[in-house]
Amino acid sequence: GYGCPDGLACNPYYKGFGKQVNSAALQFLAYINEQERYPYKMGQTCTFNNPYGAISTATMTVTPQNKATAALYDYTPHVFNGNYNFFKLWKKYFPKGSLSYYPDGTLLQAQGDAGVWLIQDGKKRPFLSEGALTSRFSKSQIVNTTEDVLNNYPTGSGIKFPNYSLVMDPNKNIFLLADNQKRPIANMAAFKQIGFSKDEIIPATIDDLSGYQTGTTITATSSYATGAILQDKKTGARFYVENNTKYPITDKAVLDYKFKGQKIIKVSSKELAGYKTGSQVLFGDGTLLTSPSSPTIYMITGGKKRPFISSDVFVRMGYNIANVITVSPQLLYIYDMGTPIQMNSNTN
């Protein structure tokens with residue numbers, strides 16, 4: 001339909017699939033980037049007649065909520081049937097729930113709403129308390145969006161408890177909550193040996209704990225059950241130690257970000273040799289990384305690094321450049337490459 005104005009013959013110059021797609025793309029790019037040159041604008045109420053409307057020819061008012069919608073009316077200045085048909089086709093092929101595009105690990109908040117949501121496994125999980133949010137994330141990581149964007153995600157289980165809470169389910173099982181895991185405490189002997197207090201225990205329902213995976217059981221012989229940073233006195237090597245396992249920390253950026261302010265305990269090589277060795281400590285989902293060797297910004301999600309296709313996409317999606325951590329190219333190389341992050345049709 002490009003080059004085919006209402007009531008006139010089509011211009012033969014624009015004939016052909018390639019010319020049609022290229023010309024239409026350039027035209028809509030102009031509508032969006034040079035909005036001042038065209039009659040219909042985001043947020044401006046306009047009146048349309050519908051001379052070709054098979055459904056209705058009545059005069060109608062429309063307020064485009066974004067530049068993309070305004071561009072549709074610049075190209076087809078009536079509601080019926082052109083823009084209405086576009087709406088119907090869009091709903092048919094891209095139904096509600098299929099337009100989500102924020103990666104797992106993103107914190108979202110609708111403008112004007114106090115609620116904060118974590119995108120995880122393609123669902124939005126609400127934080128049900130201030131402590132549940134601030135014990136896991138910084139509020140600076142919150143991305144502002146619209147209610148429409150949030151509505152595209154199914155709702156997952158709520159995040160109710162602060163990280164490292166002690167909870168008891170209806171069956172009297174006690175767990176230590178750590179990130180996405182609930183770690184069973186074997187018995188009261190283990191509970192007392194580690195130094196927990198019954199006053200710290202919070203009642204929890206089965207639903208409260210449904211979003212957690214079951215982690216390693218904490219026993220009376222578990223070393224550093226709640227985790228600690230140990231440093232080899234001789235070599236200077238640093239490890240995160242939890243439940244008799246040491247996890248190497250090879251990059252200072254990881255130490256500064258994940259364990260900021262945590263005390264480092266210096267121990268002998270002999271003590272460290274007594275622990276099993278686990279995988280290297282890396283950044284978790286939602287972390288934004290870059291390196292001095294490349295301007296590309298990546299988001300860690302699903303254990304992979306996903307590059308933003310451009311700095312413009314990064315900004316328009318609402319991420320904060322102040323949250324980007326610079327790490328060594330060697331650390332970035334450890335992560336497998338994921339699919340690029342780009343804005344889809346749900347762009348604000």
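Is Phe314 buried or exposed? With a relative accessibility of 6% for Phe308 and 3% for Phe314, both count as buried, where buried means under 20% relative accessible area, exposed over 50% and partly exposed in between, using a 1.4 Å probe and protein chains only.

Okay, quick housekeeping. This is a predicted model, where local features need pLDDT of at least 70 and side-chain atom pairs count only at pLDDT 80 or more, while totals for chains, interfaces and linings use all residues. Residues are numbered from 1 along each chain as its sequence is written, and side-chain values use heavy atoms, with hydrogens and water left out.

So, back to those two phenylalanines. Phe308 and Phe314 make an edge-to-face aromatic pair, 5.0 Å from centre to centre with 80° between the planes. For the record, rings of Phe, Tyr and Trp (its six-membered ring) pair if their centres lie within 6.5 Å, and planes under 30 degrees apart are stacked, over 60 edge-to-face, the rest tilted.

Both also turn up in the largest nonpolar core, which has 21 residues. Among those with the most contacts inside it are Phe308, Phe314, Tyr102, Leu108 and Leu288. A nonpolar core here is a set of buried Ala, Val, Leu, Ile, Met, Phe, Trp, Tyr and Cys residues joined through side-chain atoms within 4.5 Å. Who supplies it? At least two residues each come from strand S3 (107–110), strand S4 (117–120), helix H5 (147–151), strand S18 (294–301) and helix H9 (311–316). Those labels are DSSP runs numbered from the N terminus: helices are H or I with at least four residues, strands are E with at least two.

Setting aside residues up to four places away in sequence, Leu108 touches a list including Tyr102, Trp117, Ile119, Ile142, Leu150 and Tyr153; contact means heavy atoms within 4.5 Å. There's also a second, separate core of 17 residues, and that one includes Leu255, Tyr298, Ile300 and Ile325.

Staying with Trp117: Lys124 lies over its face, 5.4 Å from the ring centre. To count, NZ of Lys or CZ of Arg has to be within 6 Å of the ring centre and within 35 degrees of the ring normal. Lys182 does this too, with its charged end over the ring of Phe175 at 5.4 Å from the centre.

Phe175 takes us to a sheet. In strand S8, Phe175 is the bridge partner of Val167. Strands S7 (residues 166–168) and S8 (residues 174–178) run antiparallel and are joined by three bridges; two strands pair if DSSP finds at least two bridges between them. The whole thing is an open sheet of five strands in the order S10-S7-S8-S9-S11, with mixed pairing. Strands S10 (201–203) and S11 (213–214) are at the edges with a single partner strand each, so one side of each has no neighbour in the sheet.

Asp179 sits in the loop between S8 and strand S9 (181–184), and its phi is near 55°, positive in a residue other than glycine. Asn244 has a positive phi as well, about 70°, and is not a glycine either. You'll find Asn244 in the loop between strand S13 (238–242) and strand S14 (245–249). One more backbone item: the peptide bond from Phe80 to Asn81 is cis, with omega near 0°, and Asn81 lies in helix H3.

Now over to the N-terminal helices. Helix H2 (residues 67–75) buries Ala70, Ala71, Leu72, Tyr73 and Asp74. The cover over them includes helix H1 (17–33), strand S1 (46–48), strand S2 (60–62) and helix H3 (79–93). At the start of H2, a side-chain oxygen of Asn66 comes to within 3.3 Å of the backbone nitrogen of Ala68.

Last stop, helix H1. Phe28 and Tyr31 both lie in this helix, three residues apart, about one turn. Phe28 is partly exposed at 24% relative accessible area, whereas Tyr31 is buried at 8%. The structure holds 17 aromatic pairs. In the Phe28 and Tyr31 pair, the ring centres are 5.4 Å apart and the planes are at 90°, so the pair is edge-to-face. Ring pairs also link Phe28, Tyr31, Tyr38 and Tyr75 into a cluster.

That's my tour, happy to take questions.

Technical notes: A polar contact is a pair of N or O atoms within 3.5 Å; within protein, one must be able to donate a hydrogen and the other to accept it, and residues adjacent in sequence count only if both atoms are side-chain atoms.
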